[in-house]
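Dear colleague,

Please find below the structure that I am handing over to you. I would be grateful if you would look through it before reading the notes that come after it.

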Amino acid sequence: MSGEDQQTPGTDGSPGGDGIRGTALGTAPVPLSVLDLVTVGAGSTATAAVRTAVDLARTAERRGYHRYWVAEHHSMPGVASSSPAVLLAHLAAHTDRIRLGSGGVMLPNHAPLVIAEQFGTLEAMAPGRVDLGLGRAPGTDGATAAALRRTEHLHEGADEFPQQLAELTRFLDDDFPDGHPYARIHAVPGPIQSTSPGGVQSPHRPPLWLLGSSGFSARLAGTLGLPFAFAHHFSAANTVPALDLYRSSFRPSEGLAEPYALIGVSALATEDEQEALRQVRTGALAMIRLRTGRPGLVPTPEEAAAHHFSAVERDFADSWLGNVIHGTPDAVRQGLDDLAKRTGADELMITANAHTGEVRRRSYDLIADAYGLPQG
């Protein structure tokens with residue numbers, strides 16, 4: 001990546017633009033993007049998972065996906081994405097055009113100044129193509145969240161999160177009012193460098209997104225005029241109500257004149273319908289283990305096929321798989337088209353759950369082919 005020569009990409013990949021709205025390519029109904037949990041399969045390693053993330057990001061860039069996000073999780077053996085900023089720095093060094101971001105950073109786990117510094121550094125590494133998506137859940141269990149925050153009093157309520165968000169925004173914009181305790185503190189890299197004598201630092205900052213799986217963040221994002229990302233892949237029943245609430249609450253802001261909502265969707269394409277089902281069952285078994293306090297590596301398809309599901313587990317697996325779009329490329333394309341139409345989402349962010357990176361990479365290629373996306 002040649003950082004000094006790189007131009008700020010617009011919503012269609014051209015210079016300029018607001019860095020939020022994408023452009024639908026090929027026959028896709030909306031822009032398509034990628035959410036990567038950097039999963040670790042049984043028999044594999046975190047090193048291999050990170051290498052897969054690089055391969056997937058390059059594939060997504062080559063095939064015209066709009067953005068590539070990673071999500072913060074903790075204390076989960078099968079998910080190697082505990083440090084989004086570190087991963088994004090690595091991905092920035094191996095890509096040139098695709099937007100990179102967090103889907104998301106869990107704001108209550110961190111001091112706002114630290115996040116502003118980390119993402120200011122990422123913006124310096126990949127100018128004009130970094131997104132900062134924020135969530136208010138811990139991304140883990142309560143005990144791990146307490147260890148992260150060095151406190152047993154977890155703050156994720158209606159009062160604390162907006163206050164943390166406001167503080168982070170002021171650090172990013174370097175605009176604490178005179179007399180504020182933080183008025184003389186500056187997040188660096190950041191705007192202070194452009195206003196210092198001789199400063200030439202770019203003034204832009206990563207656009208903020210709010211993430212959610214219920215109505216709280218939907219309403220807050222709308223009120224603040226921010227783009228919104230909804231976790232349809234694990235909260236499908238709430239998708240349409242949350243998007244309706246976001247749109248009805250939306251107030252134009254300096255950064256966004258109209259609502260813009262993406263939804264995360266679990267989808268996997270293979271050449272054969274039964275093979276797709278065999279692959280996605282691994283995710284169902286992994287979720288059962290996570291929800292019952294036994295998180296582990298992503299199981300192999302063989303392990304998932306051999307597992308004896310109890311009646312309760314079978315009901316959960318059926319419900320989970322009912323929210324995963326899977327099958328042949330044509331079937332997945334139809335499922336994504338229907339979902340975009342039903343929800344009115346402005347962008348679909350696809351997460352492909354499978355045991356191996358090769359199956360996931362192949363799925364993104366097949367979906368791109370189904371929509372006639374460019375080869376790159």
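The notes below go from the chain as a whole to particular places in it.

To begin with, please bear in mind that this is a predicted model. The mean pLDDT of the chain is 90, and 90% of its residues reach 70 or more. Residues 1-16 are a stretch to treat with care: their pLDDT is below 50, although the model gives this stretch 40 contacts beyond near neighbours in sequence. Where pLDDT is low, the predicted coordinates should not be read in detail.

**The chain as a whole**

The chain has 376 residues, and 51% of them count as buried. Its secondary structure consists of 13 helices and nine strands. Among the contacts with a separation of 6 or more, 72% are between residues 24 or more positions apart. The accessible surface amounts to about 16300 Å², and carbon and sulfur atoms account for 52% of that area.

**A cavity in the interior**

Rolling a probe the size of a water molecule over the atoms shows where empty space is left. In this model the count is two cavities of 30 Å³ or more. The second largest cavity holds about 30 Å³ of space. Its lining is made up of Ser266, Val280, Gly283, Ala284, Trp320, Val324 and Asn353. Helix H9, which covers residues 273-291, supplies the largest share of that lining, with three residues.

Leu226 is located in the loop between helix H7 (215-224) and strand E6 (228-230). Is this residue, Leu226, buried or exposed? Leu226 counts as buried, because its relative accessibility is 15% and the limit for buried is under 20%. Leaving aside residues up to four places away in sequence, Leu226 touches Leu165, Leu208, Leu210, Ala221, Tyr246, Phe250 and Leu256.

**Two cis peptide bonds**

Gly103 and Gly104 are joined by a cis peptide bond, with omega at about 5 degrees. Gly104 belongs to strand E3, which spans residues 99-106. A cis peptide bond also leads from Val188 to Pro189, where omega is near 0 degrees. Pro189 is placed in the loop between helix H5 (160-173) and helix H6 (192-195).

Val38 has a phi near 50 degrees, a positive value in a residue other than glycine. The residue sits in the loop between strand E1 (32-36) and helix H1 (46-62). Val38 is buried, as its relative accessible area is 1%.

Ser75, likewise not a glycine, has a positive phi near 60 degrees. Ser75 is found in the loop between strand E2 (67-70) and helix H2 (84-92). At 51% relative accessibility, Ser75 counts as exposed, since the limit for exposed is over 50%. Val38 is thus buried, whereas Ser75 is exposed.

With kind regards

Technical notes:
Residues numbered from 1 in each chain as written. Predicted model: local features only at pLDDT ≥ 70, side-chain atom pairs only at ≥ 80, totals over all residues. Heavy atoms only, no water. Helix = DSSP H or I, 4+ residues; strand = E, 2+ residues; numbered from the N terminus. Buried < 20%, exposed > 50% of the residue type's maximum accessible area, 1.4 Å probe, protein only. Contact = heavy atoms within 4.5 Å. Areas by Shrake-Rupley, 256 points an atom, 1.4 Å probe, with all protein chains shown as cover. 1 Å grid on protein atoms, 1.4 Å probe; cavity = no way out; pocket = protein on both sides within 12 Å on 5 of 7 lines; lining within 4 Å. Points joined across faces, edges and corners; volume = space filled by probe spheres on them. pLDDT = per-residue confidence, 0-100.
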